[in-house]
Amino acid sequence: EVQLVESGGGLVQPGGSLRLSCAASGFTFSTYDMSWIRQAPGKGLEWVSSIGTAGTSTSYADFVKGRFTISRDNAKNALWLQMDSLKPEDTAVYFCASRGRLYWRRFGSWGQGTQVTVSS
């Protein structure tokens, strides 16, 4: 059974930083592209970033490009999202999802999420 546990969210001021973590288990993590997705209040799930199995191929939504960095460690079954220069519009519940950009919604699994609130 796929298990994904996100952590690291919190309240941060605009311009601040947070580092989200995801602990994966129940599947062969190293063989899956992984993604971060988010859900803002009153809105649907939206894709944020993906990373390939080796960690060398990454992609980002335009609204986070240059501010967020996705990374992974296959030996630790871990995924991270470094978020810098945070904006109020980044406020959302963030989830790590199995599968990459094209397939997370249809075939992926995600955890309970971690709340990120950007506010002064």
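In the predicted model, Ser35 lies in strand S4, which spans residues 34-39. Ser35 has a relative accessibility of 0% and therefore counts as buried, since the cut-off for burial is under 20%. The side chain of Ser35 comes to 2.8 Å from the backbone oxygen of Arg99. Arg99 is also among the residues that Ser35 touches, once those up to four places away in sequence are set aside.

Leu102 sits in the loop between strand S9 (92-98) and helix H1 (104-107). Its relative accessibility is 69%, so Leu102 counts as exposed; the cut-off here is over 50%. Together with Tyr103 and Phe107, Leu102 makes a nonpolar surface patch of about 370 Å².

The protein as a whole contains 1 helix and 10 strands. From the N terminus, the order of elements is β-β-β-β-β-β-β-β-β-α-β. Along the principal axes, the C-alpha atoms fill a box of roughly 40 × 25 × 25 Å. The radius of gyration is 13 Å. This value agrees with a compact globule, because 120 residues in such a form would give a radius near 14 Å.

Of the 120 residues, 42% are buried. Contacts were also examined by sequence separation. Among those with a separation of 6 or more, 54% join residues 24 or more positions apart.

Definitions and conventions
Residues are numbered from 1 along each chain as its sequence is written. This is a predicted model: local features need pLDDT of at least 70, side-chain atom pairs count only at pLDDT 80 or more; totals for chains, interfaces and linings use all residues. Side-chain values use heavy atoms; hydrogens and water are left out. Helices (H or I, at least four residues) and strands (E, at least two) are DSSP runs, numbered from the N terminus. Buried means under 20% relative accessible area, exposed over 50%, partly exposed in between (1.4 Å probe, protein chains only). A polar contact is a pair of N or O atoms within 3.5 Å; within protein, one must be able to donate a hydrogen and the other to accept it, and residues adjacent in sequence count only if both atoms are side-chain atoms. Contact means heavy atoms within 4.5 Å. Patches are made of residues with over 30% relative accessible area and no salt bridge: like charges are joined within 9 Å, nonpolar side chains (Val, Leu, Ile, Met, Phe, Trp, Tyr) within 5 Å. Accessible areas come from the Shrake-Rupley method with a 1.4 Å probe; for residues, only the protein chains shown count as cover. A salt bridge is a side-chain nitrogen of Lys or Arg within 4 Å of a carboxyl oxygen of Asp or Glu. The radius of gyration is taken over C-alpha atoms; the globule rule is 2.2 Å times the number of residues to the power 0.38.
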